[in-house]
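Please open the structure in the viewer and keep the sequence panel at hand.

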Amino acid sequence: QVQLVESGGGLVQAGGSLRLSCAASGGTFSTYVMGWFRQAPRKEREFIWSGGSTNYADSVKGRYTASRDNAKNTVYLQMNSLKPDDTAVYYCAAGRTGKPWEYWGQGTQVTVSS
């Protein structure tokens with residue numbers, strides 16, 4: 001059983017930056033594909049990035065950068081040039097290549113004010 005805990009969310013003005021972290025425990029971190037998602041109020045959950053590829057959602061491409069540190073069992077999401085539309089609860093997920101995401105964190109709120 002893998003536990004994922006996100007942190008780093010908060011309130012930021014438009015144009016600002018935040019870095020989210022997702023700490024994993026309870027499994028062999030390096031064997032999992034990691035991903036970032038977000039869900040805005042009254043909207044479906046949106047894919048942002050998966051460690052299985054270098055692709056980012058068009059809505060964040062060029063502004064967000066994901067990375068992982070296997071030594072720290074942590075994946076990061078650096079978010080720059082934030083916009084009010086980026087306001088959402090951000091989730092990390094862990095899974096195996098080609099299979100549905102197995103584990104999810106509890107989410108961290110990001111609010112971007114105009």
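Strands, labelled E, are DSSP runs of at least two residues, numbered from the N terminus. With that numbering in place, Ala-57 can be located in the loop between E5 and E6. The model shown is a predicted one.

**The whole chain**

The secondary structure amounts to 10 strands and 0 helices, so the order of elements from the N terminus reads β-β-β-β-β-β-β-β-β-β. Along the principal axes, the C-alpha atoms occupy a box of roughly 40 × 25 × 25 Å. The radius of gyration is 13 Å, which agrees with the value near 13 Å that a compact globule of 114 residues would have.

Next, display the surface. The protein chain exposes about 6,100 Å², and 47% of that area is supplied by carbon and sulfur atoms. Of the 114 residues, 42% count as buried. If contacts are drawn between residues at least 6 apart in sequence, 57% of them join residues at least 24 apart. Colouring by charge brings up 12 positive and 8 negative charges, whose mean positions lie 3 Å apart.

**The disulfide**

How many disulfides does a search of the whole structure find? It finds 1. Select Cys-22 and Cys-92, which form a disulfide with their sulfur atoms 1.9 Å apart.

Move to Ser-50, in strand E5 (residues 46-50). Is Ser-50 buried or exposed? Its relative accessible area is 12%; because this falls under the 20% limit, Ser-50 is buried. Leaving out residues up to four places away in sequence, Ser-50 touches Val-33, Met-34, Gly-35, Asn-55 and Trp-101. Selecting these residues together with Ser-50 displays its surroundings.

Now return to Ala-57, in the loop between E5 and E6. Ala-57 is also buried, with a relative accessible area of 12%. Which residues does Ala-57 contact, leaving aside its neighbours within four places in sequence? They are Glu-46, Phe-47 and Ile-48. For one of these, Glu-46, the C-alpha to C-alpha distance to Ala-57 is 8.5 Å, at a separation of 11 residues in sequence.

**Two loop residues with positive phi**

Select Arg-42, placed in the loop between strand E4 (33-39) and E5. Its phi is near 65 degrees, a positive value in a residue other than glycine. Arg-42 is exposed, with a relative accessible area of 83%.

Finally, select Asn-73, found in the loop between strand E6 (64-69) and strand E7 (74-79). Here phi is near 50 degrees, again a positive value in a residue other than glycine. With a relative accessible area of 27%, Asn-73 is partly exposed.

Notes: Residues are numbered from 1 along each chain as its sequence is written. This is a predicted model: local features need pLDDT of at least 70, side-chain atom pairs count only at pLDDT 80 or more; totals for chains, interfaces and linings use all residues. Side-chain values use heavy atoms; hydrogens and water are left out. Helices (H or I, at least four residues) and strands (E, at least two) are DSSP runs, numbered from the N terminus. The radius of gyration is taken over C-alpha atoms; the globule rule is 2.2 Å times the number of residues to the power 0.38. Buried means under 20% relative accessible area, exposed over 50%, partly exposed in between (1.4 Å probe, protein chains only). Contact means heavy atoms within 4.5 Å. Accessible areas come from the Shrake-Rupley method with a 1.4 Å probe; for residues, only the protein chains shown count as cover. Lys and Arg count as positive and Asp and Glu as negative; His and the chain ends are not counted. The place of a charge is taken as NZ of Lys, CZ of Arg, CG of Asp or CD of Glu. A disulfide is a pair of cysteine sulfur atoms within 2.5 Å.
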